[in-house]
Amino acid sequence: MAQTLLAFLLVNSSAKGPNLVFRWPPSPETTSRLSRPLPLEDRLELDNPWRAANYNDSPQISVEASGEATTTAAEDYQWKSPSVIRDRSRSFPRPGSLPSSAVNALPEEHLFDDEELAEDPTDEYHRIFDYSTQFLAGMLCPKTSLCHQKFDLVIDNLLFIGHPVCIEDGGHWQFKRDKSSSGSRGRSSVHHESMDDIKSDKSIRAYSPTGKNENSWLHMFHFVLVLDLPDPSSSASGNISKYFDTIYKQIAFTITAVLFQEQVLSNFVELECDVLGSLEAESIAKGEPFSAFMSQALQISSIASAMKALFDAIKSSTMAYITLNDIPLELQLPPFLDHLLHGEEEHELDFVDHQEDEDEARVWGCDLSLGWRLPSLAPWKSLLLLEGDQELDPYINLRGPHVRPDEREHAEGLIRFLETASVTLSLSDMANLLEWDLETQIYPTVRWLVHHRRAKVVDTVHLGLKTIFTIPPKFDAPLCTLSAEFKRDFPQPEIPPLPSLLASISEASSRQSDNHFFAVVVRSKELIPLYHEVVIWLLKRDMLYTLHLRIRIVATAELKARVRQAHERKLERSMGLRRQDRVGSSLRPSDQDPAFYEINARRPGSRWFSLSPRGVHPFSRRMPSAESESGRTSETSLSHVGEDDEEAITDESEDENIAWGSPEDTLCPSLISDPGTASPLERKWLAAMSEGKDEHIARRFEQINRYFDGRSTDDEILYRAEISRKQLREVLHHYDEYLQTFLHPA
């Protein structure tokens, strides 16, 4: 709901001056404000300003005296609008109390002078928000140069937002052509929008009414939203600006665009103003109460009934289904728009993290990014259809005779989509069944349904109800009301009462095994279809959250020690090889005695030749071809020593880029926060985890461990890695000692 919304106003202007045509609600009230903090109700603790104003040298002020003084000064605490103290509207000339369209409609015997219509502060016809209606109408009808653009005006603590439109210089209502060279004037929005967008060039035509009145008496009209100006310290200034801009675009501009179009095409707004003005004049002349006039106006005026329906829908945070001149409209505000006006409150402390990052805003689109707090739109998610308004049933509209032949194929495809959608099918599965493209066909359809509150994105439910659920910390309605509705919809004896069902679900989420819905609640395959309806009933009312498995990798202390010891052994071996290489390279072959070489070469088990591959080949070439078998054995052993030396040198060069840290770092385990971007040392740990494992298990672990970051859910892992749930469980079983698993809502 828009908690700051106070009223809707319809204002018009003619040659006889501005006029407030209609308002809803009939008697709107502003939120009471305090000029300074009130003392406690027991009046025992007074604030510092009061103490300073009533300071004296007496030891203490008696409770009775302080109570009387506080009662006397209680009115000083409440802030009052300057209009209550002095009616500023009386400073302006008042051309007349009756609407301009109603003066000509009344017979002569009903006409009276201004003295009879002198404004009374209690007169509901001519006062609103402690202001004269004539004064407000004059303030809300700007100059012609300020029309056809965003309008906002602050009076005291009231903010008026709208989009005034006016007649052309020739006396005709017509669509204005866009003038790209003209800049915006006044306090217009950065995102300037033109009324040209509501009609194509084919439809642009001036309205010229037939009859004796060639020109329209209506010069301007303005649909205005009255908002209570919020405390600027309650939220960031940027959020307040986005808040008001969203209300302007979704409500004020949309309603004005439709009214302007119908005024140009059929003189609709002028006729409605005539009807409402005549009715108001007759009600005043007959002395009828203001409530009677409002009741009759709702019955005879399309604009009046639409304003009431729209106001009630916005305040209840629901979709508004209204009709203006037989044009159906669906209007709404984002359900969490009011959260922009507050800091971190109770609703933001929920354990479900609704992230509104740039990627999600791109997938959902700009219309569904601000104030919606939608879950991620991903291939592994599912779609839950909601009941819409019966008058706007999509099945009736899609199968109706008004569907053109060239649109019939698209309509049939949308019907197949609605019939296929199920919480047990992911969006990816639906794309495969319908042979639709996920990005260009499935996602746009889902966005349209969610935007019009015909569906909601939920987590995929297991076909056999083997899904782990939990309940939210609070419900949108009282539990007694929900229990009565649940008992009415599910009278079967197999279904327990709602409180018992919720208690079982809540208790099961803490179990280590057999914690899914089937094992806890259903327990019988015959009851699965019935409990499918129960789950859907709960999901529609946001009474169930799906718990997803998330995985993290833990490098244990034993693993770290093993990897470090292997590194130290390689380091020692490499240092020994280098030392022997330096000793061997200091003895040149030309300086050695050949007899000494031959004797040592024939000595069994001799390890004197631990030279590098470069130093081995000159000696092996000098050996005679008819030498004994021991010479060939010695040559073979030299080649193996060279290969081991090369491998040690290669491992050492790779380990040079690893920050091993101190030996104390191996004494405690640690998490590998992001295996997909693991450091060289973390990659060593990951490789050591697969030692001794089957080859296909190790290969699959290497494939999917990038998703073990604690953020990716099990459904996301299965989709991205293209593996089955059984294969995932197999990996989790073999690597159990290195994995940390937990359940958390998506």
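The legends below describe close-up views of a predicted model.

**View 1. The second largest pocket and its lining.** This pocket has a volume of about 1300 Å³. Its lining comprises 41 residues, and those nearest the centre are Lys466, Ile468, Leu549, Asp714 and Arg725. At least two lining residues come from each of α14 (427-434), β16 (545-555), α26 (714-721), α27 (725-734) and β19 (739-745). Helix α27 contributes the most, with five residues. By type, the lining has 16 nonpolar, 16 polar and nine charged residues.

**View 2. The largest cavity.** Eight cavities of 30 Å³ or more are present in the structure, and the largest has a volume of about 100 Å³. It is lined by 14 residues, with Leu20, Val21, Arg23, Tyr125 and Glu280 closest to its centre. Strand β2 (17-24) and helices α6 (133-139) and α9 (290-300) each provide at least two lining residues; β2 has the largest share, five residues. Seven of the lining residues are nonpolar, five polar and two charged.

**View 3. The second largest cavity.** The volume here is about 70 Å³. The lining consists of Leu10, Phe223, Ile255, Leu259, Ile303, Ala306, Met307, Leu310, Ile322 and Leu324. These 10 residues are nonpolar, with no polar and no charged residue among them. Helix α10 (302-315), helix α7 (237-266) and strand β11 (320-324) each supply at least two, and α10 gives the largest share, four residues.

**View 4. Helix α8 and the residue after it.** Gly287 follows α8 and has a positive phi, near 75 degrees.

Key:
Residues numbered from 1 in each chain as written. Predicted model: local features only at pLDDT ≥ 70, side-chain atom pairs only at ≥ 80, totals over all residues. Heavy atoms only, no water. 1 Å grid on protein atoms, 1.4 Å probe; cavity = no way out; pocket = protein on both sides within 12 Å on 5 of 7 lines; lining within 4 Å. Points joined across faces, edges and corners; volume = space filled by probe spheres on them. Nonpolar A, V, L, I, M, F, W, Y, C, P; charged D, E, K, R; others polar.
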